[in-house]
Structure formats: C-alpha cells, structure tokens
Amino acid sequence: MAPEANVCVVQDKLSCHAWRKHAQARRWGDNVLPSLIHPFMRFQREWNTGAQVDSIEPCMCSQHHHILKIICVHMEYLEDIDLVVCSRRPAAIQLVSQGLFPCSPLAPTLAVSMDMLEFVSDLFVNMAPNE
Ligand SMILES: [Zn+2]
C-alpha cells in the first residue's frame, strides 16, 4: 500500500474512501498505466507471433523483495501464484508481461488474463441492454 494511502486526512467534503479512490485513480493514471504500455506491447507481439512468453527470472537487485500471493483468473481455470516483487520489478509489470492484468496498482491480490478481459469486453458490447 502506498505511504500516502495509509494517511487519511479528511479535507473539505471528501470522505476517506473517496480520498483513497481518488489517490488510487491518480496512481493508475500517472504512474502504473504508462509503465505498462511497453510490457503490454511486448506481450502482444510475442502472443501474436506464437513466441514463448517471457518467464520471470529472479531479480538480483539489492532492494527489499517481498512475495505477493495472487489469484489469476484464466478462461478455463484459476491459478494461485507467488510473485516476488521489488521496486525495480513491480507486480503490475510482471503480471502484464505474463498476459495478466492486476486488480490494483501496487499490491494486487487478483489478476485477470487478457483473454478473459477481451471476452468480457466483447460480451458487454454485444449483450442486449436489458440483460
Ligand atoms: Zn529486485
């Protein structure tokens, strides 16, 4: 969790919940999503050419590493993975490199496969409005 997310200062009329949601939206837009563009493009290129998707090699940096337990939702199955993350290798970049999208910007507990996201997107675009 981000350091500023731990501090909830009610300012003006924003509730703590609204403040956290706003801070998370800002983090997605300013930091995380721009950093995912190149890993996503690399994943798509490898996926479309049928090349082997990069496996995650252990990070050898001197930063503090910790393990995140993440549930991955694929089209046909669920998978529990342990992801070793540090500031040089954030979870979001590692997940997108493997074709998964994280549910939160810093410490996700759930990730959904790109296939599943594309399926759901197509489903809701083509679904009858009264469903
Ligand atoms: Zn590292």
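Which residues make up the largest nonpolar core of the protein? The legends below take up this question first and then turn to other close-up views of the structure, which is a predicted model.

**View 1. The largest nonpolar core of the protein.** This core has 10 residues, namely L68, I70, C72, I81, L83, V85, A91, L95, L100 and A111. Two or more residues are given to this core by each of the elements β1, β2 and α3. Apart from this core lies another one, of 7 residues, which includes W28, V32, L36 and F43. As general background, nonpolar side chains tend to be buried together in soluble globular proteins.

**View 2. The surroundings of A111.** A111 is one of the residues of the largest nonpolar core. When neighbours within four places in sequence are left aside, A111 is in contact with I70, I71, C72 and V73, and also with L95, L100, F101 and P102.

**View 3. The zinc site.** The zinc ion is coordinated at 2.2 Å by the SG atoms of C59, C61 and C86 together with the NE2 atom of H65. The site is tetrahedral, with angles of 103 to 115° among the 4 donor atoms, and the donor residues follow the sequence spacing C-x1-C-x3-H-x20-C. Because H65 lies in the loop between α2 (16-49) and β1, whereas C86 lies in the loop between β2 and α3 (91-97), the pair ties together parts that are 21 residues apart in sequence. H65 counts as partly exposed, at 26% relative accessibility, whereas C86, at 6% relative accessibility, counts as buried, because the cut-off for that class is under 20%.

**View 4. H66 in strand β1.** H66 has its place in strand β1 and is partly exposed, with a relative accessible area of 38%. Not counting residues up to four places away in sequence, H66 touches L83, V84 and V85. The C-alpha atoms of H66 and C86 are separated by 6.7 Å, although these residues are 20 residues apart along the chain.

**View 5. The salt bridge between D82 and K69.** The side chains of these two residues meet in a salt bridge, with an N to O distance of 3.2 Å. D82 belongs to strand β2 (residues 78-85) and K69 to strand β1 (residues 66-73), so that the pair, 13 residues apart, links distant parts of the chain. K69 counts as exposed, since its relative accessibility of 62% is over the cut-off of 50%. The count for the model comes to 1 salt bridge.

**View 6. F40 in helix α2.** F40 is found in helix α2 and is partly exposed, with a relative accessible area of 29%. Not counting residues up to four places away in sequence, F40 touches V96 and M114. F40 and F101 are 61 residues apart in sequence, and their C-alpha atoms are 9.6 Å apart in space.

**View 7. The whole protein, for orientation.** The protein has 4 helices and 4 strands, and from the N terminus on its elements run α-α-β-β-α-β-β-α. Of the 131 residues in the protein, 29% are buried, and the accessible surface comes to about 9,400 Å², with 57% of this surface belonging to carbon and sulfur atoms. Among contacts between residues at least 6 apart in sequence, 48% join residues at least 24 apart.

Note on methods:
Residues are numbered from 1 along each chain as its sequence is written. This is a predicted model: local features need pLDDT of at least 70, side-chain atom pairs count only at pLDDT 80 or more; totals for chains, interfaces and linings use all residues. Side-chain values use heavy atoms; hydrogens and water are left out. A salt bridge is a side-chain nitrogen of Lys or Arg within 4 Å of a carboxyl oxygen of Asp or Glu. Buried means under 20% relative accessible area, exposed over 50%, partly exposed in between (1.4 Å probe, protein chains only). Donors are N, O and S atoms within 2.8 Å of the metal (3.2 Å for Na, K and Ca); water is not among the atoms, so sites may look incomplete. Four donors count as tetrahedral if all angles lie between 85 and 135 degrees; four count as square planar and six as octahedral if opposite donors are over 155 degrees apart and all others between 65 and 115; anything else is irregular. Contact means heavy atoms within 4.5 Å. Accessible areas come from the Shrake-Rupley method with a 1.4 Å probe; for residues, only the protein chains shown count as cover. A nonpolar core is a set of buried Ala, Val, Leu, Ile, Met, Phe, Trp, Tyr and Cys residues joined through side-chain atoms within 4.5 Å.
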